[in-house]
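Biologist: Could you take me through this model, one question at a time?

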Amino acid sequence: MPPKCPRKTSPDAAAESADAALKHIVDGFLRFHHEVFPEQKELFKKLATAQTPRAMFITCADSRIVPELITQSLPGDLFVTRNVGNVVPPYGQMNGGVSSAIEYAVSVLGVRHIIVCGHSDCGAMRAVLNPAITHQNTDCCGLAAPCRGGAYRG
Ligand SMILES: [Zn+2]
């Protein structure tokens, strides 16, 4: 059974207390543990010792992007890596997170298909196109720096 949306919509997160935010997350985990996990017990048992994902999915860390939900994939279907702006730096320039994930997916897991999924209203891409909007005291979009030379300004 493909994943469904959570049962409750999130309240205004900006006004939510830390306790309320944590309670929402813990309640969701408990629903998963008591309702979803038992329904898919055999799948999770199989996945406990091996994975053979059909594709790698590279996307933004944006909270509105849920790869398994938008592709209606099951656990084990996608090997997912995320960062701000779904950036794939040139190999050798910033070896680490994304490069290591691609190397592991292809070399170890045998993944043959890699999907890079962007999205509308991406704050990282907005900052790449207009660096002046980036917060002055952060380097939150430093990861996207390799994109600047090739940014399309359509
Ligand atoms: Zn984004």
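Predicted model: local features only at pLDDT ≥ 70, side-chain atom pairs only at ≥ 80, totals over all residues.

Modeller: Residues are numbered from 1 along each chain as its sequence is written.

Biologist: Which strand holds threonine 59?

Modeller: Strands here are DSSP runs of E with at least two residues, and helices are runs of H or I with at least four, numbered from the N terminus. By that assignment, threonine 59 is found in residues 55–60, which form strand β1.

Biologist: With which residues is threonine 59 in contact, leaving aside its neighbours within four places in sequence?

Modeller: Contact requires C-beta atoms, placed from the backbone, to lie within 7 Å. On that basis, and with those neighbours left aside, threonine 59 is in contact with Ile65, Pro67, Arg82, Asn86 and Cys117.

Biologist: Is asparagine 86 buried or exposed?

Modeller: Asparagine 86 is found in the loop between β2 and α4 (97–108), and its phi is positive, about 45°, although it is not a glycine. Because it has 25 C-beta neighbours inside 10 Å, asparagine 86 counts as buried.

Biologist: Is glutamine 72 buried or exposed?

Modeller: Glutamine 72 lies in the loop between α3 (67–71) and β2 (78–83), and its phi is also positive, near 50°. Because it has 11 C-beta neighbours inside 10 Å, glutamine 72 counts as exposed.

How values were computed:
Buried ≥ 20, exposed ≤ 12 C-beta atoms within 10 Å, placed from the backbone. Contact = placed C-beta atoms within 7 Å.
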